[in-house]
Amino acid sequence: MTDRENRDDSLIFKQISSMIAEINSETGLMEKEALAKTADENGFIPSNAESGFINQTFQALNDRHNVIYEFVMRYNDYIYAEHDYGNGHPLTMIESHTLTYIEDHPGTTVTELTGYWHKTKGAVSQIVSRLEDLGLVTKTKKEGNGKNVYLYVTETGYQLSCSHKLYDILDITKTLSKIQKECTPAEIDTFYKVISVYYKVICRDFEENKIPKRQGKRRQKNQE
């Protein structure tokens with residue numbers, strides 16, 4: 001390990017120490033002075049304190065982040081649950097938003113949708129095929145270019161996309177109204193800013209560590 005890496009590790013340790021002390025200042029779980037005693041002058045954790053430090057650190061950070069994990073898992077269930085937008089064609093959130101994207105960008109392709117959703121081509125193709133089977137989307141090849149397939153909404157697809165937009169306007173407004181009962185407008189704006197930055201951090205992590213893209217959930221045969 002280089003001197004620079006040692007300094008980076010020391011800085012990270014001190015940052016974690018300060019953050020944990022702040023988080024737990026009211027509970028008395030871990031005071032900054034007590035935590036500092038577990039490190040030597042270089043900021044490294046002695047082996048005899050490693051286990052306790054890891055457990056206390058994990059609990060402190062996990063308690064704070066657990067609400068994020070629970071939110072993501074619950075929202076994931078919401079994304080893949082079907083919703084009736086008023087036209088008798090129940091769709092999942094990603095299906096309805098894909099339909100609306102095609103309506104807003106007539107002539108788009110599966111490749112463009114793949115970049116927009118950050119999903120595999122197979123996963124996006126499955127969504128498009130589902131919309132096509134329901135008569136909401138059509139595929140067209142331009143003369144002289146038989147390789148690319150361009151996507152357009154049908155009349156039924158257009159009507160459903162409009163219903164979806166109206167549904168989202170009402171749903172988002174209703175949700176924000178409930179949130180505003182406990183949060184100020186400034187706090188809500190800060191939340192969206194943090195989520196935006198957090199998203200960029202996660203995207204960089206996927207790129208730098210070459211994390212494979214997740215396939216979309218496959219429908220059960222009785223839902224097809």
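**View A. Helix 4 and helix 7 are roughly perpendicular to each other, because their packing angle of about 115 degrees falls in the range 65 to 115**. The model shown is predicted. The axes of helix 4 and helix 7 (residues 155–179) lie 9 Å apart. Helix 4 passes helix 7 in a left-handed crossing. From helix 4, the contact takes in Ser 96, His 97, Leu 99, Thr 100, Glu 103 and Asp 104. Helix 7 meets them with Gly 157, Tyr 158, Leu 160, Ser 161, His 164, Lys 165 and Asp 168. By class, the residues of this contact of helix 4 with helix 7 are 3 nonpolar, 6 polar and 4 charged.

**View B. Helix 4 also packs against helix 6, with axes that come within 10 Å**. The crossing angle is roughly 75 degrees. Helix 4 and helix 6 are therefore roughly perpendicular to each other. Ile 94, Glu 95, Thr 98 and Leu 99 form the helix 4 side of the contact. Ile 127, Arg 130 and Leu 131 form the helix 6 side. The contact of helix 4 with helix 6 has 4 nonpolar, 1 polar and 2 charged residues.

**View C. Helix 5 crosses helix 6 at roughly 115 degrees**. The axes of helix 5 and helix 6 come within 9 Å. The two helices are therefore roughly perpendicular to each other. Helix 5 passes helix 6 in a right-handed crossing. Val 110, Thr 111, Leu 113 and Thr 114 in helix 5 touch Lys 121, Val 124, Ser 125 and Val 128 in helix 6. The residues where helix 5 meets helix 6 divide into 4 nonpolar, 3 polar and 1 charged.

**View D. The largest nonpolar core contains 16 residues**. Leu 91, Leu 99, Leu 113, Leu 131 and Leu 151 have the most contacts inside this core. Helix 4 (93–104), helix 5 (110–117) and helix 6 (121–133) are the elements that give two or more residues to the core. In soluble globular proteins, nonpolar side chains tend to be buried together.

**View E. Leu 131 is a buried residue of helix 6**. The relative accessible area of Leu 131 is 0%, so this residue counts as buried. Beyond residues up to four places away in sequence, Leu 131 touches Leu 91, Glu 95, Thr 98, Leu 99, Leu 136 and Val 137. Leu 131 and Glu 95 are 36 residues apart in sequence. In space, their C-alpha atoms are 7.3 Å apart.

**View F. Leu 151 is among the residues with the most contacts inside the largest nonpolar core**. Its neighbours within four places in sequence are left aside here. Leu 151 is in contact with Ile 102, Pro 106, Gly 107, Thr 108, Thr 109 and Val 110, among others. Leu 113, Val 128, Val 137, Thr 138 and Lys 139 are also in contact with Leu 151.

**View G. The whole protein has 8 helices and 4 strands**. Along the sequence, the elements follow the pattern α-α-α-β-β-α-α-α-β-β-α-α. Of the 224 residues in the protein, 25% are buried. Among contacts with a separation of 6 or more, 53% join residues 24 or more positions apart.

Note on methods. Residues numbered from 1 in each chain as written. Predicted model: local features only at pLDDT ≥ 70, side-chain atom pairs only at ≥ 80, totals over all residues. Heavy atoms only, no water. Core = buried A, V, L, I, M, F, W, Y, C linked by side-chain atoms within 4.5 Å. Buried < 20%, exposed > 50% of the residue type's maximum accessible area, 1.4 Å probe, protein only. Contact = heavy atoms within 4.5 Å. Axes fitted to C-alpha atoms, helices over the stretch in contact; angles between N-to-C directions. Parallel < 35°, antiparallel > 145°, perpendicular 65-115°, else oblique. Left-handed = near helix turned anticlockwise from the far one by under 90°. Nonpolar A, V, L, I, M, F, W, Y, C, P; charged D, E, K, R; others polar.
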